[in-house]
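User: I am new to this structure and would like to learn how its features are read. Please guide me step by step.

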Amino acid sequence: MSAIGRSVSTSKGGQTKALILETALKMFRDRGYEATTMRAIAKKARVSLGNAYYYFPSKELLIQAFYHRTHEEHLAVSVPALEKELSLKARLLEVMHLKITTLEPYHEFAGALFKTAANPESALNPFAASSDAVRQASIQLFEDVVVKSKARIPEDLRCELPYLLWLYHMGIILFWIHDSSRNRARTYRLIDHSVDLVDRLISLASNPLMRPVRKKALHLMDELREAFPDELENAEPAVEGR
């Protein structure tokens with residue numbers, strides 16, 4: 001069974017699966033995640049309960065399907081955009097802008113989902129083991145941002161940077177969820193200023209004179225992995241001898 005629900009091979013099956021997901025997302029937004037049952041979702045979508053469970057054996061898999069969808073939508077527009085950029089700053093700026101652009105249709109739902117997903121014990125938490133597949137795919141995108149740029153980054157920092165950038169992008173998403181400004185202007189402004197700062201910090205950390213400070217900061221990442229082994233077990237380990 002797929003982590004995001006049973007895959008389908010027919011167009012009719014795909015339409016049914018999409019209908020169940022769309023119905024669930026709307027009901028989660030309107031009623032809240034906890035108050036919405038699979039039976040209610042099936043009834044609203046006008047499919048049998050067995051059919052709903054066939055495609056999504058649990059409510060959690062509906063949310064994982066949502067995470068997967070938003071990542072795929074982000075990836076689809078990011079890959080061609082990155083082909084036009086070489087500098088790390090421009091690549092990161094492009095990916096972050098596109099992340100918010102592709103998420104925007106789900107802003108209202110994201111606010112409702114946050115109430116449940118923010119719980120560290122929730123299977124819907126982006127840091128949870130159940131979210132690992134989408135999390136790793138997202139980190140891979142940030143790895144492409146880094147390694148295919150023209151930036152010269154020390155190997156020890158380069159290995160950690162994709163995960164650090166993923167954490168940064170999660171912080172931006174959290175800000176976006178709470179952003180009520182017109183067209184999320186404050187979020188885009190935050191991205192513009194913070195990407196510039198991140199780029200400067202990476203350049204500074206790449207300076208050979210900053211190696212002792214960089215080494216200490218990267219060892220802090222190792223300690224975080226020890227504190228949260230389930231969430232970070234698949235993150236790339238630090239380079240030995242840094």
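Analyst: Let us begin with burial: a residue counts as buried when its relative accessible area is under 20%. The model shown here is predicted. In this protein of 242 residues, 45% count as buried.

User: What share of the contacts joins residues at least 24 apart?

Analyst: A contact means heavy atoms within 4.5 Å. Among contacts between residues at least 6 apart in sequence, 68% join residues at least 24 apart.

User: Let us turn to a single residue. Where is the place of R29, and is R29 buried or partly exposed?

Analyst: R29 lies in helix α1, which covers residues 11-31. Its relative accessible area is 31%, so R29 is classed as partly exposed.

User: Which residues does R29 touch, leaving aside those up to four places away in sequence?

Analyst: R29 touches E108, F109 and A112. The C-alpha atom of R29 is also separated by 9.6 Å from that of Y106, a residue 77 residues apart from R29 along the chain.

User: With which side chain does the side chain of R29 make a polar contact?

Analyst: The partner is the side chain of D30, at 3.2 Å.

Conventions. Residues numbered from 1 in each chain as written. Predicted model: local features only at pLDDT ≥ 70, side-chain atom pairs only at ≥ 80, totals over all residues. Heavy atoms only, no water. Buried < 20%, exposed > 50% of the residue type's maximum accessible area, 1.4 Å probe, protein only. Helix = DSSP H or I, 4+ residues; strand = E, 2+ residues; numbered from the N terminus. Polar contact = N/O pair within 3.5 Å; in protein donor to acceptor, adjacent residues only side chain to side chain.
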